[in-house]
Amino acid sequence: MFQVEKFLIRSETEIQVKFTSPVRTDLLTSNFEITSNFANERALQIRSIDVTGKVVTLKTDAQVPLVSYMLRFKNTESVQFLSMLGDPIQDNELNRVLFVGVEQPSVVRDSLIDSLTNVYDAGTSNTLRKHISGLTSSLQRAKTDIWRTA
């Protein structure tokens, strides 16, 4: 049975999927779809794919941290999603991958969140955590810009 064996988020713009059998090398970006499970967040555009044996590497738009996404594998009019042996991808829940957008490491963000009292819930994808993450990202960019101009 041709299906997903392993899934790995390499970075905010790179995802790898390992299948149970080698994958056709003529797959297109349109054979993959990444949708957001939140109405106010956009789907991720797949920029490129690389097929090496059983592993497919997807280059995408940057994931929004802590947003839930669904990766689907699909047939197109021009290319069916098949293994090298001609087996079709199984159309079931095992071949849909649910994942959460990665959050870049940040000592400053983690320190701010750890210093909050238990009254504030900043451990999930909510407005407070997004605000703190945005502030710390801005601080990191400013630090980098200052370092480059110094």
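Helices (H or I, at least four residues) and strands (E, at least two) are DSSP runs, numbered from the N terminus. This is a predicted model, where local features need pLDDT of at least 70, side-chain atom pairs count only at pLDDT 80 or more, and totals for chains, interfaces and linings use all residues. Residues are numbered from 1 along each chain as its sequence is written, and side-chain values use heavy atoms, leaving out hydrogens and water.

**Exercise 1.** Find which element gives the largest share of the lining of the largest pocket.

Step 1: Look at helix 1 (107–115) and helix 2 (127–149), the elements that give two or more residues to this lining.
Step 2: Pick helix 2, whose 10 residues are the largest share.

**Exercise 2.** Work out the strand order in the open sheet of three strands.

Step 1: Pairing takes at least two bridges found by DSSP between two strands. Strand 6 (residues 68–73) and strand 7 run antiparallel and are joined by five bridges.
Step 2: Check one spot: Ser68 sits opposite Val100 in strand 7.
Step 3: Write down the order, 3-6-7, with antiparallel pairing. Strand 3 (32–36) and strand 7 (96–100) are the edges with a single partner strand each, so one side of each has no neighbour in the sheet.

**Exercise 3.** List what Phe32 is in contact with, leaving aside neighbours within four places in sequence.

Step 1: Contact means heavy atoms within 4.5 Å.
Step 2: Go through the partners: Leu27, Ile46, Ile49, Val56, Leu58, Leu71, Arg72, Phe73, Lys74 and Phe81.
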